[in-house]
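Got the model open and a cartoon view up?

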Amino acid sequence: MYRYIFFDLDGTLTDSKAGILNCARYALETLGKPVPSDETLLKFVGPPLQESFQTYCGFTGDLLREAIDLFRARYAPQGQYENQAAPGMAELLARLKEQGYVMAVASSKVEPMCVSICQRFGFAPSLAAVVGSPPSDDSDKASILRGAMGRLGLTGADIPQCLMVGDRKYDVLGAKALGMDCAGVEFFGYAEPGELEKAGAVTVVQTVEALETFILTH
């Protein structure tokens, strides 16, 4: 049975599309670079910023660093508020805590922003830890998960009792790198069709109710 649940933030606990797209547009426009279509920009929801700007804009070196800095410069005062909680998630976390589950956020987003968002949407009281990337760089999901396990005092022996919950292949693959199961969620449709299944998610659910049922029965 699972006892420790790690949640992704963007696209899982929250619908962060508007803030992420607006900040990506701001960074590109400020740099005088072409802005991709909204369909392409939606792919920024989930991966580390470094990977998104590299993959979808071809940025490297100083240009890559500048794009990330511009994105974050808008996100801190404005973009993080262009965001809303996934309906029913705060209540689900509260119910799971009451039943003895130990939960943490494990996100590639810069950690202070993760903390701010979790406090604003009422997730924080149910969480034992909120873990994100350091301010200097975006970390991959496996590294974030290792850090989150460390915050909870867990070791490799605890992994069979751990479950990652996320909405993109990065969550699934990061969990698999540690030997951890991942439940995929399709609350907002940011993953490509079949992406989560192909990556190896142990289940893929479309509703908060289905996610709760899976956790309570496994």
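Select L163 first: across from it, in β7, stands D181. You're looking at a predicted model, where local features need pLDDT of at least 70, side-chain atom pairs count only at pLDDT 80 or more, and totals for chains, interfaces and linings use all residues. Numbering starts from 1 along each chain as its sequence is written, and side-chain values use heavy atoms, with hydrogens and water left out.

Now widen to residues 162-166 (β6) and 181-185 (β7), which pair in the parallel sense over four bridges. Pairing here takes at least two DSSP bridges between two strands; strands are DSSP runs of E, at least two residues, and helices are runs of H or I, at least four, numbered from the N terminus.

Zoom out to the open sheet: six strands, ordered β5-β4-β1-β6-β7-β8, with parallel pairing. At its edges sit β5 (129-133) and β8 (203-205), each pairing on one side only. On average, neighbouring strands are turned by 25° against each other, direction ignored.

Next, pick helix α6 (111-120), which lies across β4 (102-110) and β5 and runs at about 130° to β4. Contact means heavy atoms within 4.5 Å; axes are lines fitted to C-alpha atoms, for helices over the stretch in contact, with angles from 0 to 180 degrees between N-to-C directions.
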